[in-house]
There are 2 protein chains.
Amino acid sequence: MKIKYNLLQKENNTNARLGTIETNYGTYETPMFMPVGTKATVKSLSNEELKECNSGIILSNTYHLWLRPGEDIIAKCGGLHKFMNWSGPILTDSGGFQVFSLAKNKEKDITEEGVHFKSHIDGSKLFLTPEKSIEIQNKLDSDIAMSFDECPPFPVSYDYMKKSVERTLRWAARGKKVHNNPNQALFGIVQGGEFTDLREYSCKETVKMDFDGYSIGGTSVGEDKPTMYKMVEDGVRYLPEDKVRYLMGVGDPIDIIEGVIRGIDIFDCVLPTRIARHGQAFTRYGKINFNNAKFKEDLTPVDEECDCYTCKNYTKAYIRHLITTGEMLGGRLLSIHNIRFLIKLTEELREAIKNNNILEYREKFIEKYERNNK
Amino acid sequence: MKIKYNLLQKENNTNARLGTIETNYGTYETPMFMPVGTKATVKSLSNEELKECNSGIILSNTYHLWLRPGEDIIAKCGGLHKFMNWSGPILTDSGGFQVFSLAKNKEKDITEEGVHFKSHIDGSKLFLTPEKSIEIQNKLDSDIAMSFDECPPFPVSYDYMKKSVERTLRWAARGKKVHNNPNQALFGIVQGGEFTDLREYSCKETVKMDFDGYSIGGTSVGEDKPTMYKMVEDGVRYLPEDKVRYLMGVGDPIDIIEGVIRGIDIFDCVLPTRIARHGQAFTRYGKINFNNAKFKEDLTPVDEECDCYTCKNYTKAYIRHLITTGEMLGGRLLSIHNIRFLIKLTEELREAIKNNNILEYREKFIEKYERNNK
């Protein structure tokens, strides 16, 4: 079966919503943060560690898996779940974002048919189309596939964005036509940049095609925060209530709160694992950096209020030692913590929705989170 | 209390011996392989993973911890066990081997007082003496400390080795004099290179000082296998039966078998984790390299006969994907496997001693292990 979204409750004072997603690999509550396993592995972590963080859906990357090891090898291994031995649901992106972000401008050519570009690994010529992206995702056998969209940088002209939105709609229709996996949901993607009317147009036209869920694309591409939050508001306004809403590539704690308040159900981002490898951790009092010498003899955990494996077992002094000596365990311990931090945040947001006090929750969270920055 | 060795049984046909080591952190059977956590972490692994591999004593490195984070910080954190949250026993080496191997010849000056050399991190001038090495190890609060010895390369002249052995004896006496930790055993180290009479002299004089255990040093420094095995035979010949015998830096499976047959109780080596990071794994049929394209679609585990986490959960195809894309989980999964492989080997060797059939075990193991190489 395909995934099914159930709306359980709407918060009284905002657009925040509590729901569940039923999948072939279990039912999960939303709002939810989804850890990113670009190349069929959430960097440095085991599946058991992800489960201990209370992870639900995880993400994987069509572009990277297409290049290595190739979708046919994964299909021969029984699909992505069996390949990486993950017993939970998986969402795959379309590869569109990677094509637009990894290939330099000169090295890509966007045509109506698809995108010509060069491999970021060996420079070989590649051609990705809406049909090809869906075909790869069908073979990967993820639970949720994404339509192949154009993801323009910020800012572009109104005219460029209008044409891009129209092309993304045509690409969405082409992808939907070839989609052929009865156990895989297919999502449409709302684009339109910071232009309210284009977001409305993109949203309404995408919904007409009746996808299994909807993503808000084109945020976190260089815009400021108020613009981003407006993009989200404009992006969800005309979405149906009975389908999942996914804000792509967003993982800053405050952005997650603002997204949930605006009606977003699921988020993904490489941020928690990426900053971990650079020695940074989320805490209730803002981000901290373990390269800072002040942690040399600090016997407290990363975050006193955290319940993760790292915080239960290790001190800041030890983690600083691992980070400054380049030991792999350091990035691993901070990845566990950072992922758990964002997942716990969404657990608390669900509780706040139940209690109809999400605005109060936001105020308290932000006051504390930004205390160290003042 | 200090560790205590109990000899349980001698094998009928060889010098192999079964025993236990009682420590403040539990009692462990020997022969035993000890994983190496150079900088207070066995590279990429958690303590729980080490326990799952059935690890007993683990090793850590005086030289590296002296430089970073420094023994005083570790002491402030409550000693090495608390610092790294390891609930088992720890052996620290003296730093001697690192001083002799990491510093280039021109950059070190061996005097009677100690060794002047340059830091491998920032080139700063350092001076390590027998007293300093013991003082650091006392502060680290490991369960077993090593005497500071000179570890000459292979080959050196008889005259050089004779003088070196004599200096190592004087250094051992100086270290023993300042050793001051009632919960820490101190081992003496037998040197003497490939010279039988110098090994005898080193052994007898070291034993006269009455250490808590004895190490065989100066192997795996470039000599061929028959020479190495002779060094071991010459090194243990005059050691007392009621003390542990430790062959330093040896982790090749066949060398472990040959060492056990010659009366060695404990081994350590970075080999299992180092080759793992380069994509190599021990198997019953010899070492395999995951960069080899033949594993692309191989759905079997690393080693069909292995009971480790990696072999129970992942295929060769997935591990090859992780290794060839540079994903950290690859090195981690192979590190778990390789450590478990060596620990399981020592478990089987203990069983062979109990059954008095260790020569038969060796023959079968080697026949299979070298099959792929023929």
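1. A salt bridge here is a side-chain nitrogen of Lys or Arg within 4 Å of a carboxyl oxygen of Asp or Glu. Lys43(A) and Glu327(B) form one through their side chains, at 2.5 Å from N to O. Across the interface of chain B and chain A, the rule finds 6 salt bridges.

2. A word on ground rules: this is a predicted model, where local features need pLDDT of at least 70 and side-chain atom pairs count only at pLDDT 80 or more, while totals for chains, interfaces and linings use all residues. Residues are numbered from 1 along each chain as its sequence is written, and side-chain values use heavy atoms, with hydrogens and water left out.

3. With contact taken as heavy atoms within 4.5 Å, 36 residues of chain B touch 36 residues of chain A. The buried area (accessible area, 1.4 Å probe, lost on putting the two parts together, summed over both) is about 3,400 Å², and carbon and sulfur atoms give 56% of it. His321(B), Glu327(B) and Met328(B) supply 18% of what chain B buries against chain A, more than any other three residues.

4. In chain A, strands S1, S2 and S3 form an open antiparallel sheet in that order (strands are DSSP E runs of at least two residues, and helices H or I runs of at least four; two strands pair if DSSP finds at least two bridges between them). S1(A) and S2(A) share 6 bridges, and Tyr5(A) has Ile21(A) as its bridge partner in S2(A). Helix H14 of chain A packs on this sheet, touching S1, S2 and S3 of chain A.

Terms used:
Chains are lettered from A and ligands numbered from 1 in the order in which they are written. Axes are lines fitted to C-alpha atoms, for helices over the stretch in contact, and angles run from 0 to 180 degrees between N-to-C directions.
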